[in-house]
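Please keep the coordinates open while reading.

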Number of protein chains: 2
Amino acid sequence: MLYIIGLGLGDERDITLRGLEAVKKCHKIYMEAYTSLLSFGLSTDGLSKLENLYGKSITLSDREMVEEKADDMLSESRDADVAFLVVGDPFGATTHTDLLVRAKKMGIDVKIIHNASVMNAIGICGLQLYRYGETVSIPFFTETWRPDSFYEKIQRNCMMGLHTLCLLDIRVKEPSLESLCRGRKQYEPPRYMTINTAIEQLLEVEQTREESAAYSEETECVGFARLGSEDQMVVAGTMRQLQMIDFGAPLHCLVITGKTHPLEEEMLNFYRCRT
Amino acid sequence: MLYIIGLGLGDERDITLRGLEAVKKCHKIYMEAYTSLLSFGLSTDGLSKLENLYGKSITLSDREMVEEKADDMLSESRDADVAFLVVGDPFGATTHTDLLVRAKKMGIDVKIIHNASVMNAIGICGLQLYRYGETVSIPFFTETWRPDSFYEKIQRNCMMGLHTLCLLDIRVKEPSLESLCRGRKQYEPPRYMTINTAIEQLLEVEQTREESAAYSEETECVGFARLGSEDQMVVAGTMRQLQMIDFGAPLHCLVITGKTHPLEEEMLNFYRCRT
């Protein structure tokens with residue numbers, strides 16, 4: 001049996017009792033390192049905290065491993081209980097559908113253990129979850145690559161008065177261009193997009209498309225940093241206001257506010273920035 | 001301090017360690033009865049299971065209590081730790097924003113403990129969460145009241161190729177019309193909309209609006225019953241196919257499938273009904 005277990009958003013205490021029970025009976029434990037290294041502070045003492053809690057050692061599996069060596073993990077799951085730990089929910093912002101499809105094709109039993117993810121925890125700002133339109137991803141712009149397909153989606157959501165969740169780019173274990181040329185993999189340092197960079201890019205795209213005006217510097221937004229953790233930060237304000245704020249350590253995400261109801265406004269007021 | 005704690009979707013083992021820790025240190029524990037009575041089988045032995053796990057007694061608070069007597073609960077939170085337990089996530093399908101606003105206005109500290117909710121657990125069917133449009137609610141039709149504002153929303157989502165989550169009506173502790181006339185409150189038995197009724201109503205509305213055709217009997221959907229619990233049921237098929245299926249005990253919800261990617265199709269195939 002392969003257990004795909006959501007760890008939630010904060011720290012080791014956000015696993016559910018059901019999840020912990022499953023981990024404890026598993027023979028081998030893998031953990032997705034792509035976002036978890038950061039969210040759970042695993043670069044320092046987070047991993048040992050988890051290992052102490054579980055009473056077992058954890059194999060960190062980076063993106064390459066999940067993509068290239070998943071079959072080994074799946075084969076192990078055929079005869080023994082194996083856990084694959086995922087930050088948030090297994091089907092939250094980062095998808096693990098592919099792993100599940102491969103497992104099912106191999107005839108392996110899979111059990112999903114759900115948890116909170118960014119997709120529902122953003123509800124804390126008071127904007128109602130059923131009033132969100134399509135979610136968009138904002139990728140890091142480079143000199144030559146400035147994809148802006150998110151723009152039409154935001155525009156459609158705005159036109160319908162819906163809120164838009166913007167997921168911000170994460171670059172972990174990206175091979176450097178230089179190393180690719182040399183045929184030997186070396187990695188760029190990890191990069192996590194800040195709310196400030198996201199707004200900068202959003203406004204740049206808006207300027208190049210001035211005819212349409214989906215949003216502007218004056219558009220109300222909500223910025224979230226380290227959502228679900230003890231030191232989370234939630235601030236409501238215009239793009240211009242949020243751009244001036246230091247939200248601190250990653251992960252960040254951003255909501256572009258649509259048409260609001262009075263109760264939503266009341267909640268936003270508690271988070272309103274005072275500049 | 002008022003702790004608003006998400007219990008997740010399945011049973012008592014879906015609380016997080018963080019949530020359990022908070023409950024254990026609380027002086028008084030309230031639990032929202034509106035949906036929980038059902039989801040956690042609390043009409044039978046579910047409540048005592050929770051009470052055993054927490055080592056404390058729980059006060060069930062129905063909708064009237066939350067709406068009318070919340071101030072008492074809030075006053076208690078001023079001087080002591082009080083827990084308010086909610087099925088799913090505190091800001092999932094059912095909103096508790098109003099309670100939070102009242103607490104904040106009274107200057108009471110509030111801590112939210114997140115968990116899985118229907119809004120993200122539907123990810124298990126393989127349709128990507130970022131490809132959903134606005135969520136709709138399907139209310140029970142009566143002889144004289146057949147509101148269909150969900151129709152335009154579904155139509156917009158379909159036009160953009162987005163999936164639509166339909167939340168189905170729950171009627172718990174509704175005063176009967178007869179009792180209201182007599183001036184003495186008596187309640188209707190609880191009603192939970194089935195997927196079958198939802199599809200029947202959806203098709204009825206489609207027929208009266210034949211000009212527009214947002215969907216039809218042949219539209220692909222996914223039906224979910226008891227999502228997140230041990231005996232959950234997930235079936236993909238056309239509206240016509242799903243309408244023939246007995247999904248069993250509540251709660252049910254329904255997703256109207258938009259444009260799918262190949263990986264989404266592959267996942268749906270595992271759930272496809274074989275009729």
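Helices (H or I, at least four residues) and strands (E, at least two) are DSSP runs, numbered from the N terminus. On that basis chain A has twelve helices and twelve strands. The model is predicted: local features need pLDDT of at least 70 and side-chain atom pairs count only at pLDDT 80 or more, while totals for chains, interfaces and linings use all residues. Residues are numbered from 1 along each chain as its sequence is written, chains are lettered from A and ligands numbered from 1 in the order in which they are written, and side-chain values use heavy atoms, with hydrogens and water left out.

The overall dimensions of chain A come next. Its C-alpha atoms fill a box of roughly 60 × 50 × 35 Å along the principal axes. The radius of gyration, taken over C-alpha atoms, can be set against a globule rule of 2.2 Å times the number of residues to the power 0.38. For 275 residues a compact globule would have a value near 19 Å, and the 20 Å of chain A agrees with this. Of these 275 residues, 55% are buried, where buried means under 20% relative accessible area, exposed over 50%, and partly exposed in between (1.4 Å probe, protein chains only). Contact means heavy atoms within 4.5 Å. Among the contacts in chain A with a separation of 6 or more, 72% join residues 24 or more positions apart.

In chain A, five strands form an open sheet of mixed pairing, in the order 6-7-12-10-11; two strands pair if DSSP finds at least two bridges between them. Strand 6 (136-138) and strand 11 (233-238) of chain A each have a single partner strand and stand at the edges, so one side of each lacks a neighbour in the sheet. Neighbouring strands of this sheet are turned by 25 degrees against each other on average, direction ignored. Axes here are lines fitted to C-alpha atoms, for helices over the stretch in contact, and angles run from 0 to 180 degrees between N-to-C directions. Strand 6 of chain A pairs with strand 7 (residues 164-168) of chain A in the parallel sense over three bridges, and one bridge joins Ser137(A) to Leu167(A). Helix 8 (residues 150-159) of chain A lies across strand 6, strand 7 and strand 12 (252-256) of chain A, at about 135 degrees to strand 6.

In chain B, strand 10 (residues 220-225) has five of its six residues buried, so it is largely enclosed by the rest of the structure.

Between the chains, 52 residues of chain A are in contact with 52 residues of chain B. The area buried between chain A and chain B is about 4,500 Å², of which carbon and sulfur atoms give 60%; buried area is the accessible area (1.4 Å probe) that two parts lose on being put together, summed over both.

Some backbone details remain. Most residues other than glycine have a negative phi, and most peptide bonds are trans. The peptide bond from Pro250(A) to Leu251(A) is cis, with omega near -5 degrees. Arg226(A) has a positive phi of about 50 degrees and, at 15% relative accessibility, counts as buried.
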